[in-house]
Amino acid sequence: MADVSVAHNASGQIDESCDDLSLFICTMNRPDDLRLALQSVADARLRPGQVMVSDDSPDPEMRSKVRAATEAFPGAEYQIGPGQGLGANRNACLSVRRGRAVMFIDDDVVVPPDHFEKVHARLVETDFKAIVSGGEDKQVAADRRAKIRPGRVGFWGTQSNSDQPNTIVINAAAFPAHIFDQAQFDPLLKFGSEEVDIVRRARRLGVPIVYDPGIEVKHNPSLVNRTGYRAHVGASYLYATAKGHLLHDGRPARAAAFLLLGPPRMVAHAIQRHGLKAGVAATWQVVRASGMLARCIATGAWKAGVPVSGTGMSEKLRDANKSGGMVPAQRVHSTPK
């Protein structure tokens, strides 16, 4: 049974947390968005036993703001991230995980009060042997929201609607922690496609996906960092798709076909939608993706099926976090439920 802990929140009310769950929020330069995310976690009826913010903010003043936002919520922990992109930051979180299941939400996501109860119930049903995923209610334009559901990734690396999804919505997902004894996020994937890549790796290890339409979070994409993200998304998509065909699916001919057809298709699509300038930017992302794939092959990662580097957390950062990281609030353990 789950080990449920009892603590008092700032209002003096009793909160319950579940030690089965580790929740990580990877953030950069977004203290205001982070506060909303953490408040939604604090308002949940059941909270993860481990809640950690991993901060990739490059500026010390901004890091102090992010840390202050974290410290406003009892029980939340703070660490300085590796500053090498989202894949590496997620790995830095995995290196300190404590729960039987690992969850990630973006810093611009809010969860409903029953979110962790629903996720934990599905994990228990699968005996913590499957990836559980829900969906997002996402703001996609100033006046429009959309329901984002996990779909089926095909040859082009894009998702189509399916009753049998082969990927997840990471903001509404939970991974059995044992997966990460054999697989980690690819640190070459700085922004974008890292969840598709890790799920393909997990499926190769025989881990199934359970989709629950009743699990849903709200995603309100922040404008902060958005320009920097766009510089990586296309390259990540091309690299992750080619790598998926070659490494995870073991289909080199399919990978070669995608490498021949995928890049010009992406460039043509960019020109058609946004003009020649966008096509030039997309061409640069093709060059970047080629370098990423070359590095993956050169390191032998495509043969071994492992990331090209470790957790992404340097010894220097580990020491900094040990000396300056936040200590979580003490909790009184109740009888396990």
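A: One begins with a cut-off: a residue counts as buried under 20% relative accessible area, as exposed over 50%, and as partly exposed in between. The model shown here is predicted. Ile 271, in helix H7 (residues 252-274), has a relative accessible area of 37% and is therefore partly exposed. Together with Leu 276 and Val 280, Ile 271 forms a nonpolar patch on the surface, with about 290 Å² of accessible area.

Q: Is Asn 166 buried or exposed?

A: Asn 166 is buried, because its relative accessible area of 9% falls under 20%. Asn 166 lies in the loop between strand S10 (159-160) and strand S11 (173-176). Beyond its neighbours within four places in sequence, Asn 166 is in contact with Gly 151, Arg 152, Val 153, Val 199, Arg 203 and Ile 209.

Q: How many salt bridges does the structure hold?

A: The structure holds 20 salt bridges. One of them joins Glu 117 to Arg 45, with the closest N and O atoms 3.0 Å apart. Glu 117 lies in helix H4 (residues 115-125) and Arg 45 in the loop between helix H1 (31-42) and strand S3 (46-55), so the pair ties together parts that are 72 residues apart in sequence.

Q: Which residue meets Lys 218 in a salt bridge?

A: The side chain of Asp 137 meets that of Lys 218, at 2.8 Å from N to O. This pair links strand S12 (residues 209-219), which holds Lys 218, with strand S7 (residues 131-141), which holds Asp 137, 81 residues apart. Lys 218 is partly exposed at 42%, whereas Asp 137 is buried at 8%.

Conventions: Residues are numbered from 1 along each chain as its sequence is written. This is a predicted model: local features need pLDDT of at least 70, side-chain atom pairs count only at pLDDT 80 or more; totals for chains, interfaces and linings use all residues. Side-chain values use heavy atoms; hydrogens and water are left out. Patches are made of residues with over 30% relative accessible area and no salt bridge: like charges are joined within 9 Å, nonpolar side chains (Val, Leu, Ile, Met, Phe, Trp, Tyr) within 5 Å. Accessible areas come from the Shrake-Rupley method with a 1.4 Å probe; for residues, only the protein chains shown count as cover. A salt bridge is a side-chain nitrogen of Lys or Arg within 4 Å of a carboxyl oxygen of Asp or Glu. Helices (H or I, at least four residues) and strands (E, at least two) are DSSP runs, numbered from the N terminus. Buried means under 20% relative accessible area, exposed over 50%, partly exposed in between (1.4 Å probe, protein chains only). Contact means heavy atoms within 4.5 Å.
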